[in-house]
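Student: I am new to this structure. Please show me how to read its features, one at a time.

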Amino acid sequence: AEAIEALGPAEASPAARHRWLSIQVSRLWVNYWKGDIGAMREVVEETRGPMEAHGRIDLKRRFYNGLGGLGFREDRFLPTSETVAAATRAHDLALESERTHDVADSAFGLGFTYLLRGEFEHARPILDQALEQSRRCGDRTLEARCLTYRVMLARMRHEPERVKASLVEARTLTTSLGMREYDAVLEACEAWLAWHEGDGETAGEHAQAALDLWAEHAPGYPMKWLAQLPRLALDLDAGNTESAVERGRAVTIKREARLGQGVEEALTQAVEAYDSGDTREAEAGLASAVELALRAGYL
C-alpha cells in the first residue's frame, strides 16, 4: 500500500504503469495468504481492466493465478468453473511466454484446481507436467508441492500402491525443506493407507500426527479433512459417536475446505441431529457421509 502511494498516478509512463500492476499483483497474493477475501476482491476490481489493457504477459499470468486463488478462498477450496477458467488462462499465458518457471507454477495451479474439483483424469497429467518443469527450473519448493499433491491424488483415486510408491520421495523433500504443513498432508495420507489396509491403530496415530503438525505449524491449513475423515470412520466403527460428531463438526466450519458431492451436507445434518439429542439419526447421517466420502474420493 505504501508503494502504491509513493508511486503516484500509474498513467505517468509505461514504466510506472508496469510497476503499479506489479505491486497490485503482489498485494493480491499477500491478501491470499492472509485469507482476506474482501481485500482480494478490491485489488481484482482495481486491476483487471488495466491489466488486460497494458499488462505484460508474465504479470497477466500471475494475475490470473491470483484470480484463481480468490476463487479458492471464496468457494472454500471447492473450485467453480470460473476458477478453472482463471487457472486455465494463467497456464495458457505461461505456455505462450515459454518461461519455464511460469509454466511450472501455472501448471501446478491448474492441476491443483482439477484435483480439488475431483477431475482426477485432468489433474494427473498437469501435475506431472508441473513436476517436470519445477525440476527443470530448480524450484524445490514447487517440486515438493507437486510431489505432495500427487500423493493426495493417488489417495483420492483409491490407488494404495501408488500412494506407497510416492510417499518416501515426497516426504524426503518436504522434510528437508521444513515444509511442515506438507509433512502433515503426507501423514494424513499414511493414515488413509493404514485405514484402507485395516490397521486402525496405525491409521489413528498418523492422523493425530498430521493434526498435531497443522496445529503447531499451519493452523490455517484448510484441508484437515485429510486426517479427520479416517479418524471419523474409525470412531464410527468403534461406536464412539460423540468423537465422530466432533470430527464432522471440525471439518464443516467455514475456515475449512468445503466437501463436495453431498459430504458436507450429510455431516452438517449429522451434527445438527446429535446436538438436538437424536443420536440414532446422527449415526445414520455419519454413516451416509462416510459412504459419500468414499465415492467422492475423500476417503
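Student: Are α14 and α15 roughly parallel or roughly antiparallel to each other?

Tutor: A note before that. This is a predicted model, in which local features need pLDDT of at least 70 and side-chain atom pairs count only at pLDDT 80 or more, while totals for chains, interfaces and linings use all residues. Residues are numbered from 1 along each chain as its sequence is written, and side-chain values use heavy atoms, with hydrogens and water left out.

Tutor: Now the general idea. Axes are lines fitted to C-alpha atoms, for helices over the stretch in contact, and angles run from 0 to 180 degrees between N-to-C directions. Angles under 35 degrees count as roughly parallel, over 145 as roughly antiparallel, 65 to 115 as roughly perpendicular and the rest as oblique. Here α14 and α15 pack at about 165 degrees, with axes 8 Å apart. They are therefore roughly antiparallel to each other.

Student: Which hand does the crossing of α14 and α15 have?

Tutor: A crossing is left-handed if the near helix is turned anticlockwise from the far one by less than a right angle, and right-handed if clockwise. The crossing of α14 and α15 is left-handed. On the α14 side, the contact (heavy atoms within 4.5 Å) uses Val263, Ala266, Leu267, Ala270, Ala273 and Tyr274. Residues on the α15 side include Gly285, Leu286, Ala289 and Leu292.

Student: How many residues of each class does the contact of α14 with α15 have?

Tutor: Learn the classes: Ala, Val, Leu, Ile, Met, Phe, Trp, Tyr, Cys and Pro count as nonpolar, Asp, Glu, Lys and Arg as charged, and the others, Gly among them, as polar. This contact has 11 nonpolar, three polar and one charged residues.

Student: At what angle do α13 and α14 cross?

Tutor: Roughly 130 degrees, and their axes come within 9 Å. That makes α13 oblique to α14. The crossing is left-handed. Among the residues that meet are Thr241, Val245 and Arg249 of α13, with Glu264, Leu267 and Asp275 of α14. By class, the contact of α13 with α14 has five nonpolar, two polar and four charged residues.

Student: Which residues of α13 are buried?

Tutor: Buried means under 20% relative accessible area, exposed over 50%, partly exposed in between (1.4 Å probe, protein chains only). In α13 (residues 241-251), the buried ones are Thr241, Ser243, Ala244, Val245, Arg247, Gly248 and Val251. What covers them includes α11 (200-217), α12 (225-237), α14 (263-275) and α15 (279-296).

Student: How do the axes of α2 and α3 cross?

Tutor: Helix α2 (residues 14-34) and helix α3 (residues 37-54) cross at roughly 150 degrees, and their axes come within 10 Å. They are therefore roughly antiparallel to each other. This crossing is left-handed. Among the residues in contact are Trp20, Leu21 and Leu28 of α2, and Met40, Val43 and Met51 of α3. The classes are 11 nonpolar, four polar and three charged.

Student: Where are phenylalanine 77 and glutamate 98?

Tutor: Both are in loops. Phenylalanine 77 is between α4 (57-74) and α5 (81-97). Glutamate 98 is between α5 and α6 (100-117).

Student: What is phi for each of them?

Tutor: Start with the rule. Most residues other than glycine have a negative phi. Phenylalanine 77 has a positive value, near 60 degrees. Phi of glutamate 98 is positive too, near 65 degrees. Phenylalanine 77 counts as buried because its relative accessibility is 8%. Glutamate 98, at 68%, counts as exposed.

Student: What is arginine 135 in contact with, beyond its neighbours within four places in sequence?

Tutor: Glu143, Leu147 and Glu169. Arginine 135 lies in helix α7 (residues 120-137). Its relative accessible area is 40%, so arginine 135 is partly exposed.

Student: How many helices and strands does the protein chain have?

Tutor: Helices (H or I, at least four residues) and strands (E, at least two) are DSSP runs, numbered from the N terminus. The protein chain has 15 helices and zero strands. Of its 299 residues, 52% count as buried.

Student: How does the radius of gyration agree with a compact globule?

Tutor: The radius is taken over C-alpha atoms, and the globule rule is 2.2 Å times the number of residues to the power 0.38. For 299 residues the rule gives near 19 Å; the protein chain has 21 Å, which agrees. The C-alpha atoms fill a box of roughly 70 × 45 × 35 Å along the principal axes.
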